[in-house]
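Here's a quick tour of one model, written for someone who likes to know the cut-offs. Have a look at the structure first, then read on.

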Amino acid sequence: MGFLSSIFLGLVQGIAEFLPISSSGHLSLFQHFFGLTEAGLFFDVLLHLGTFIAIFVYYWRDIVNLVKAFLRLVTGLFSKKKKGARKGRKDPGARMILMLIVATLPLFVILPIKDKVESLYSNTIFVGCALIVTGCILFFSDRMAKGKKTVRSATLLDALLVGVGQAVAVVPGLSRSGTTISAGMLRGFSRKFAVRFSFLLSIPAVLGANIISIGDAVAAGIDTSLLPAYIAGTVVAAVSGYFAIRLVNSLADKGKFGSFAYYCWGIGAAAVIATLIFH
């Protein structure tokens, strides 16, 4: 793998991971129709690390507050002061942590069928149809009434249903960010909070996936001669991912989140038609 390929893959990962257009769907189509060399498992882990860094940089204040809230929760467990316990339950940081935990739980249901889901990656007709579905989700998300729920008013059921959306979106072609943000809007989240919750929710998902994959990546072997190219791709994924997060926040706030629907419909339909004609 050369520098150009690694940079291109990093760009695709960074942009498509956060824009609601499905990174897995795009990588699948690029590999199938353009002969793009599939990234090795170790490079795949690094690319996800790049997008992980992008989230940390953009939401560093939220993450610091969540860490502080977690420490307060742990401290509160050993505190005998009832007033402190009641205060902890009203702490928005503690509520956010609890919501993120609840929203992450549906992913564990997917683990037993992980191999079957990954087998869909090479089915371009399925991926194309999934992209069309993603477009429909995005199109209707902008036409929902503006919600007002924030971390203080959202319920655990709201968080769970957004988490179900994230679990369903492991299917290649379905956008994780598009599905979770739209699910949040459907549950009455404010647009700003829906985006924020979606991207913070991706942290445990990406971290968990990387922990599972890192052992397999090391076992498969690491070609040290490709490390410069790997690092270049990771940096590109981090930088492009950061600006993609900024763009999604801006468009969602302006009610233009559904603009990506037309793109997903076009790419999805083209993938299905091309597969039927040439294969």
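F42 is buried because its relative accessible area is 16%, where buried means under 20%, exposed over 50% and partly exposed in between (1.4 Å probe, protein chains only). F42 sits in helix α3, residues 41-58. Along the chain F42 and N210 are 168 residues apart, yet their C-alpha atoms are separated by 9.7 Å.

A word on where this comes from: the model is predicted, local features need pLDDT of at least 70, side-chain atom pairs count only at pLDDT 80 or more, and totals for chains, interfaces and linings use all residues. Residues are numbered from 1 along each chain as its sequence is written, and side-chain values use heavy atoms, with hydrogens and water left out.

Zooming out, the protein chain has 14 helices and zero strands; both are DSSP runs numbered from the N terminus (helices H or I, at least four residues; strands E, at least two). Of the 279 residues in the chain, 48% are buried. Take contacts (heavy atoms within 4.5 Å) between residues at least 6 apart in sequence: 86% of them join residues at least 24 apart.

Now for a helix pair. The axes of α1 and α2 come within 8 Å and cross at roughly 145°. Those axes are lines fitted to C-alpha atoms, for helices over the stretch in contact, with angles running from 0 to 180 degrees between N-to-C directions. Here is who takes part:

| Helix | Residues in the contact |
|---|---|
| α1 (residues 3-18) | F8, L9, V12, Q13, A16, E17 |
| α2 (residues 23-34) | S23, H26, L27, F30 |

By type, the contact has six nonpolar residues, three polar and one charged. The classes are nonpolar for Ala, Val, Leu, Ile, Met, Phe, Trp, Tyr, Cys and Pro, charged for Asp, Glu, Lys and Arg, and polar for the others, Gly among them.

Helix α6 covers residues 92-104, and its 13 residues reach 18 Å from first C-alpha to last, close to the expected 18 Å, a figure that is 1.5 Å times one less than the number of residues. Its buried residues include M96, I97, M99 and L100.

On a 1 Å grid over the protein atoms alone, a cavity is a set of points where a 1.4 Å probe fits but cannot get out, and lining residues have an atom within 4 Å of a point. The lining of the largest cavity includes S141, K146, M185 and R191.

Note on methods
On a 1 Å grid over the protein atoms alone, a cavity is a set of points where a 1.4 Å probe fits but cannot get out, and a pocket is an open set with protein on both sides within 12 Å along at least five of seven lines; lining residues have an atom within 4 Å of a point.
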